[in-house]
Amino acid sequence: MRVPRWAEWLLSAPTHEPAPDPIGAPNDPLTGLPPRPMLAELLAEARQAGQPDGVISMIVVNLDRFRLVNDLCGHAAGDQVLRVAAERLRRMVEAHMRLLHLGGDEFALLVAHQRSDHTLDGLARSILHAVTMPIDVCGRVVDVGASAGSATDETGASPATDLLRAACIAMSRAKRDGGGSFCAFEPSMDIDLRDRAALEEDLRSGIQCGELVPFYQPIFSLRSADLVGFESLARWNHPGRGMLDPGTFIPIAEDLDAINDLCFTLLRQACRDLRSWPAHLTLSINVSPIQICDPELPLRLLQILYAGGIAPGRLIVEITESALVRDVELARATITSLRNAGVKVALDDFGTGYSSLHHLRELQFDRIKIDRSFIHALDGFAGSKIVKAIVDLGQSLGMPVTAEGIETLEQATMLSSLGCTYGQGFLFGRPLPSAATLRMVIELEDDTGPRRAAG
Ligand code: C2E
Ligand code: MG
Ligand code: MG
């Protein structure tokens, strides 16, 4: 899949009303709901049913992670999820509402309400709550989420396609913000979406042309102050926009199914760089939640390491907790394969997800990385107690702890006294391009072995 279906449609949708919809198109056989060609007709119906001084709003609901259900559990399971989602939505429909199945994993609800009525937000959230409940498919509990966007027909005469387009734009914004949320349309979002479409165009070619590069941030032992390795952090050297941070393009790469290409391209480049570094230095890479559910990931990573002449023991794969909530069994299989091959696995941004402790009990990691929000709160009484508790927990489970986001000497000293093993942050160095990293390595290492961090 190149562009998500909703984005493709948004960008190609005409802004004028299309030819009249077929009247009375049959309901969608899978969900039993009116299909998208009925949209204009149902909008007219909703206008008639509404109050004379009222307005119509549309809420578009799109399932999160639905593609994974199809990929991992098969299309029959996907169909079952759609049927259940449709049924849950149908139960929420009242007399002043009309529900449609737009196609795929997307639904639209037309709601007639008073202009001054602010309950739309609450309605959208109830819908998300209802759809997001776990679904039992063939004895397996599937946890799909959903995102929603709304748009209001302020003039009372907007073409159905314009209303749908605006609601889809708002829904796509909710997805970009991490999914599982609701967003109401604002005109500025339209411009953002076109900007994103331009970035999508550029991203694939950017990966092929080597515009995506790893930057490296040093990691030090807080005990010995020795340099122990680097974390690879993706940067996009965009020809027109300059250097872009991962927050701008990783979500796009995930949506475009280009995240593996990006990850493997960066790892190949990193393997070339690693060969110039002393053999005791490790490389940490970030993998997206979506990748952790791919059973082929371990093999693909190992093939790249092998081709690059890098021992698996030098690689640390960082995964965030959001990866684990998707499918803990698939994550377990991937983590086990990686560890069996000698690759280390770190739990990144520890403490920011939910069920952090549950994941530590369920899965075996080699390291824990404390999220930088905890490091910034270190100066408070509770902040330092929490960090101390995490460090002790790591120690008792045999997992060394790395603190991220260390910016001051006080933080480094305190973390060291709390027993934290490794540290990373602007205090020690910002992420650097390949050549500057090599200079740093040469400066910090000499013939007699590792040298220490300043400060
Ligand atoms: P992360 O893995 O938790 O990486 C740490 C982030 O904190 C990096 O942001 C880094 O530049 C920033 N950071 C490090 N030290 C400090 C500090 O002292 N203060 C502050 N304020 N920030 C600090 P960056 O490079 O923007 O990366 C953000 C996130 O993007 C990463 O979080 C990671 O989750 C993701 N990411 C980066 N590269 C990749 C990649 O190649 N693939 C995937 N899937 N995700 C990536
Ligand atoms: Mg990381
Ligand atoms: Mg992190």
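Is Asp257 buried, partly exposed or exposed? Asp257 is partly exposed, with a relative accessible area of 37%. The model is predicted.

**Ligand 1: the shell**
- The shell around ligand 1 holds 22 residues, and Arg235, Asn286, Arg372, Glu407 and Phe426 come nearest.
- By type, the shell divides into nine nonpolar, five polar and eight charged residues.
- Strand S9 supplies four residues, the largest share of the shell.

**Ligand 1: polar pairs and cover**
- Glu231 has a side-chain N or O atom 2.9 Å from an oxygen atom of ligand 1.
- Asp349 places a polar side-chain atom 3.0 Å from an oxygen atom of ligand 1.
- Phe426 takes part through its backbone: an N or O atom there lies 2.8 Å from an oxygen atom of ligand 1.
- On its own, ligand 1 has 800 Å² of accessible area, and the protein covers 82% of it.
- Strand S9 (227-238), helix H8 (246-255) and strand S13 (344-350) are the elements that give two or more residues to the shell.

**Nonpolar cores**
- The largest nonpolar core has 56 residues.
- Leu267, Leu283, Leu301, Val317, Ile319, Phe365 and Leu415 touch the most other members of this core.
- Helix H9 (residues 259-274) gives the most to this core, with six residues.
- Another core, of 30 residues, lies apart from it; among its members are Leu99, Leu123, Ala124 and Val137.
- In soluble globular proteins, nonpolar side chains tend to be buried together.

**Leu283 in contact**
- Beyond its neighbours within four places in sequence, Leu283 is in contact with residues including Tyr216, Phe230, Leu267, Ala270, Leu274 and Trp277.
- Ser232 and Arg314 are also among the contacts of Leu283, as are Leu315 and Ile316.

- Asp257 is in the loop between H8 and H9.
- Phi of Asp257 is near 65 degrees, a positive value in a residue other than glycine.
- Asp349, which has a polar side-chain atom 3.0 Å from a ligand 1 oxygen, is found in strand S13.
- Its phi is also positive, near 55 degrees, and Asp349 is not a glycine.

Note on methods:
Residues are numbered from 1 along each chain as its sequence is written. Chains are lettered from A and ligands numbered from 1 in the order in which they are written. This is a predicted model: local features need pLDDT of at least 70, side-chain atom pairs count only at pLDDT 80 or more; totals for chains, interfaces and linings use all residues. Side-chain values use heavy atoms; hydrogens and water are left out. A residue is near a molecule or strand if one of its heavy atoms lies within 4 Å of it. A polar contact is a pair of N or O atoms within 3.5 Å; within protein, one must be able to donate a hydrogen and the other to accept it, and residues adjacent in sequence count only if both atoms are side-chain atoms. Accessible areas come from the Shrake-Rupley method with a 1.4 Å probe; for residues, only the protein chains shown count as cover. Ala, Val, Leu, Ile, Met, Phe, Trp, Tyr, Cys and Pro count as nonpolar, Asp, Glu, Lys and Arg as charged, and the others, Gly among them, as polar. A nonpolar core is a set of buried Ala, Val, Leu, Ile, Met, Phe, Trp, Tyr and Cys residues joined through side-chain atoms within 4.5 Å. Buried means under 20% relative accessible area, exposed over 50%, partly exposed in between (1.4 Å probe, protein chains only). Contact means heavy atoms within 4.5 Å.
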